[in-house]
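Please look over the model below before reading my comments.

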Amino acid sequence: MAKSLLRTDKEIADIYFRHVKTIYRVCFAYMKTTHDTEDAVHDAFLKMITASTAFESEEHEKAWLIRTAINVCKNALKHWWRKVECFNDYANTESRSIETDDTFDAICALPEKYKTVILLYYYEGYTSAEIAKMLRRPQSTITNYMSEARKLLRKTLGGDFDGIPEKP
């Protein structure tokens, strides 16, 4: 008999608590403010609740949520209201609820294609092959993005930059 795709409240809560920190970091890298990040995290988990996706493993579940969170953030950033809003209003807000350092801020300032790859590799521990599969790109493209991102980070943070955390 096929497993039901309906999840119990306990299953949803377990999935949420397993992955909320990761999804929050991914969304924060895109959205830059606590309020927008929280909205994106909420939307990503809501999509998981309403989707009829059967997860093969916890890793599949995590990869699916990361991909969904990235798409939610991209869609939010494309919204017409974002084009009208004044982003300078957010520049000096003290609304960040996670601590960041110069390295994380520099990573968040990278172009989208580099930022996502660096976050997934260094902060979430995925291999370049796993990232390639998740982002539906050739592995060579992912390794090129990582190389280019490192060059940009060295330029931003100093020539002798060695501040990206070691892969777990």
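The points below go from the whole chain to two residues.

1. This is a predicted model, in which local features need pLDDT of at least 70 and side-chain atom pairs count only at pLDDT 80 or more, while totals for chains, interfaces and linings use all residues. Residues are numbered from 1 along each chain as its sequence is written, and side-chain values use heavy atoms, with hydrogens and water left out.

2. The protein chain has 9 helices and 0 strands, where helices (H or I, at least four residues) and strands (E, at least two) are DSSP runs, numbered from the N terminus. Read from the N terminus, the order of elements is α-α-α-α-α-α-α-α-α.

3. Of the 168 residues in the protein chain, 39% count as buried, a term that means under 20% relative accessible area (1.4 Å probe, protein chains only). The accessible surface of the chain, calculated by the Shrake-Rupley method with a 1.4 Å probe, comes to about 10400 Å², and 52% of this belongs to carbon and sulfur atoms.

4. Among the contacts in the protein chain with a separation of 6 or more, 65% are between residues 24 or more positions apart; contact here means heavy atoms within 4.5 Å.

5. K62 lies in helix α3, which covers residues 58-78, and K62 is buried, because its relative accessible area is 13%. When neighbours within four places in sequence are left aside, K62 is in contact with H19, T22, E124 and Y126.

6. T68 is also found in helix α3. Is T68 buried or exposed? T68 is buried, with a relative accessible area of 10%, and, leaving aside neighbours within four places in sequence, T68 is in contact with A44 and K47.

Conventions: Buried means under 20% relative accessible area, exposed over 50%, partly exposed in between (1.4 Å probe, protein chains only).
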